[in-house]
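Please read this briefing alongside the sequence and the coordinates. It takes up domains, chain contact and the nonpolar core in turn.

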Amino acid sequence: MPDPDLLAADRSGAPEASSAGFALPASVRGDFPVLDRQVNGHPLVYLDSANTSQKPRAVVEAMADHLLLHNANVARAMHQLGAEASEAFEGGRSKVAGLLGARPEEVVFTKNASEALNLAAHTLGQHLALGPGDEVVVSVMEHHSNIVPWQLLCQRTGATLRWFDITDDGRLDLQAAREQDLVNERTKVVSLTWVSNVLGTVNPITELAAMAHAVGAVFVVDGSQAVPQLPVDVATLGADLLAFTSHKMLGPTGLGVLWGRYELLEQLPPFLGGGEMIEVVRMEGSTYARPPARFEAGTPPIAEVVALGAAVDYLRGVGMQRIAHHEHLITAYLLEQLQRIEGLRILGPTVPVDRGGAVSFTLTSADGFDIHPHDVMQLLDSRGVAIRGGHHCARPLHHRLGIQASSRASAYLYTTPDEVDALVAALEHTRAFFGGHSLGGRR
Amino acid sequence: MSVEQMYQEIILDHYKAKHGSGLRDPYEAEVTHVNPSCGDEILLRVHLEGDTVADVSYDSVGCSISQASTSVMHDLVVGRPIEEGMATAAAFTEMMHSRGDFEPDEDVLEDGIAFLGVAQFPARVKCALLGWSAWKDAVAHALAHKEENHD
């Protein structure tokens with residue numbers, strides 16, 4: 001059973017965080033009812049936003065309002081509600097475009113970021129007529145969703161999959177890549193993450209784009225961890241295609257986005273066939289709609305798009321610069337405090353330079369035992385602290401780091417230094433619990 | 001039950017000194033089982049002599065629950081008839097799916113009774129069953145292999 005005294009003692013023992021500079025969470029936390037919850041008798045400390053973010057009331061209300069008062073199918077219902085639904089849906093698209101500095105018709109809605117990347121792999125493979133001798137380049141720090149679609153594409157076409165390695169401090173090894181001539185005249189697609197979901201590394205996207213474009217390759221960016229926390233301007237980013245997901249940026253699940261340069265989208269063939277993606281259907285063959293409709297077969301997630309629009313309004317209301325600044329401050333504090341824990345090893349950059357708000361680590365007990373992330377997670381959960389443990393859908397990266405799994409704490413605009421302190425106290429407790437056990441004492 | 005109570009001394013003892021760990025010859029079947037959600041992996045070999053489980057050897061990585069449960073499983077099946085091992089596996093599985101509402105028979109489950117608390121944490125049930133499923137699978141393979149050789 002939870003022991004309030006123990007928690008108080010842990011908290012008082014934790015280093016004092018300076019509240020200066022951490023003004024953002026106090027002004028937004030009231031918008032996220034879940035953050036007031038108690039979990040297992042402790043105040044919830046939600047440090048799993050890289051997995052999925054919490055949702056502000058405005059997003060949930062926008063979704064509810066749409067479903068309760070404006071619900072109809074889009075683009076085909078010729079009545080008042082249909083017009084309202086279509087306007088709200090396209091309004092969501094415009095808002096997302098506004099966040100990216102893009103044109104609305106460059107924003108394609110998918111089921112999630114994984115589907116967006118699969119769409120990219122399928123259509124690019126066909127468009128570029130990929131075959132034996134062609135190469136696709138990813139990196140060892142990718143999420144499975146930016147590895148497996150390209151593996152499947154290479155299996156289908158006979159093209160070769162190659163990848164960037166990482167340096168010991170968790171950055172893309174650009175020097176080794178140049179030495180190996182990784183990106184060369186055979187490279188047709190380069191697909192890389194902007195921010196690593198495990199290491200937190202922020203990759204130099206503009207430089208990588210130049211590297212890809214120098215050999216005429218299409219440059220795809222997985223922005224799942226970046227778009228929620230960094231200002232984006234697709235005009236200067238250098239990406240040809242950018243995939244990300246709604247649920248990590250305060251929006252609902254079931255919705256992803258593929259942004260593409262219109263000139264490229266126009267040349268890509270359809271991905272899934274069905275309603276809405278066609279121009280004229282004849283039994284002998286069909287012609288297809290222009291983007292983005294070409295890539296949006298069937299009834300789309302309408303209420304979800306409306307809610308994502310509300311999430312974008314919320315993020316822009318707060319200001320992406322402010323969110324990025326807070327992310328930087330809280331990550332710096334998280335890195336600093338975690339490094340005080342004995343036996344804790346941070347994966348990826350240990351300094352808050354070009355670094356996002358996800359911090360993964362391993363934990364060893366005083367008697368030299370690796371405490372498995374699932375055990376860490378379980379002990380932390382019992383004190384209301386929610387983190388993620390496992391391979392974070394990045395098994396090749398963990399293999400590269402010589403470990404099987406890790407624990408990950410990730411912050412967002414609502415994360416406070418007090419929550420970092422609670423995490424540190426819970427980790428100290430976990431370490432003491434597993435280290436205090438004497439081997440074979442029972443026998 | 002608190003999480004600290006779930007981690008019984010028995011479990012931590014087995015975790016820190018896994019019984020029967022390591023790969024050994026001879027063996028008739030070898031299987032790999034993984035828990036894709038967390039990445040726990042086990043490579044397990046079974047050596048049968050007649051109707052007896054002569055050895056179970058394994059190389060595994062994973063959390064304390066999956067590792068300790070595999071260690072306990074080793075103690076409960078090696079040197080005993082296959083049929084008895086299967087009955088023990090069934091009893092252990094039943095306990096793990098009980099959500100903690102179960103009266104375990106210590107004569108059958110021995111150290112395995114320490115996992116009753118784990119059954120109250122649904123997310124960890126899969127961890128506790130990883131080694132056992134690998135063992136049952138390996139035995140099935142070994143028996144099928146034996147039959148083929150007889151045909």
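The model is predicted, and the domain assignment of chain A gives domain 1, covering 4-50 + 319-436, and domain 2, covering 58-317. Chain A also touches chain B, through a contact that takes 19 residues from chain A and 17 residues from chain B.

**Domains of chain A**

- The centres of domain 1 of chain A and domain 2 of chain A, taken over C-alpha atoms, are separated by 30 Å, and the two domains meet where 26 residues of domain 1 are in contact with 26 residues of domain 2.
- On the side of domain 1 of chain A that touches domain 2 of chain A, the elements that give two or more residues are helix H12 (320-338), strand S14 (358-364), helix H14 (395-400) and strand S18 (406-410) of chain A.
- H12(A) provides the largest share of that side of domain 1, with five residues, and by class the residues of this side divide into 12 nonpolar, eight polar and six charged.

**Contact between chains A and B**

- Within the contact that takes 19 residues from chain A and 17 residues from chain B, the largest share of the chain A side, four residues, comes from helix H13 (residues 373-381) of chain A.
- The side of chain A that touches chain B has six nonpolar, nine polar and four charged residues.

**The largest nonpolar core**

- In soluble globular proteins, nonpolar side chains tend to be buried together.
- The largest nonpolar core here holds 165 residues, of which Ala120(A), Val306(A), Ala311(A), Leu423(A) and Trp135(B) touch the most other members.
- Helix H11 (residues 302-318) of chain A gives this core its largest share, 11 residues, and the core draws at least three residues from each of domain 1 and domain 2 of chain A.
- When its neighbours within four places in sequence are left aside, Ala120(A) is in contact with Val220(A), Leu241(A), Ala243(A) and Leu258(A).

**Strand S4 and its partner**

- Strand S4 (residues 107-110) of chain A is covered on both faces, with Val107(A) and Phe109(A) buried on one side and Val108(A) and Thr110(A) buried on the other.
- S4(A) pairs with strand S10 (residues 256-260) of chain A in the antiparallel sense over four bridges.
- Leu258(A), in S10(A), is the bridge partner of Val108(A), and Leu258(A) is also among the residues in contact with Ala120(A).

Definitions and conventions:
Residues numbered from 1 in each chain as written. Chains lettered and ligands numbered in written order. Predicted model: local features only at pLDDT ≥ 70, side-chain atom pairs only at ≥ 80, totals over all residues. Domains from an automatic or database assignment. Contact = placed C-beta atoms within 7 Å. Nonpolar A, V, L, I, M, F, W, Y, C, P; charged D, E, K, R; others polar. Core = buried A, V, L, I, M, F, W, Y, C linked by C-beta atoms within 7 Å. Buried ≥ 20, exposed ≤ 12 C-beta atoms within 10 Å, placed from the backbone. Pairing = 2+ DSSP bridges.
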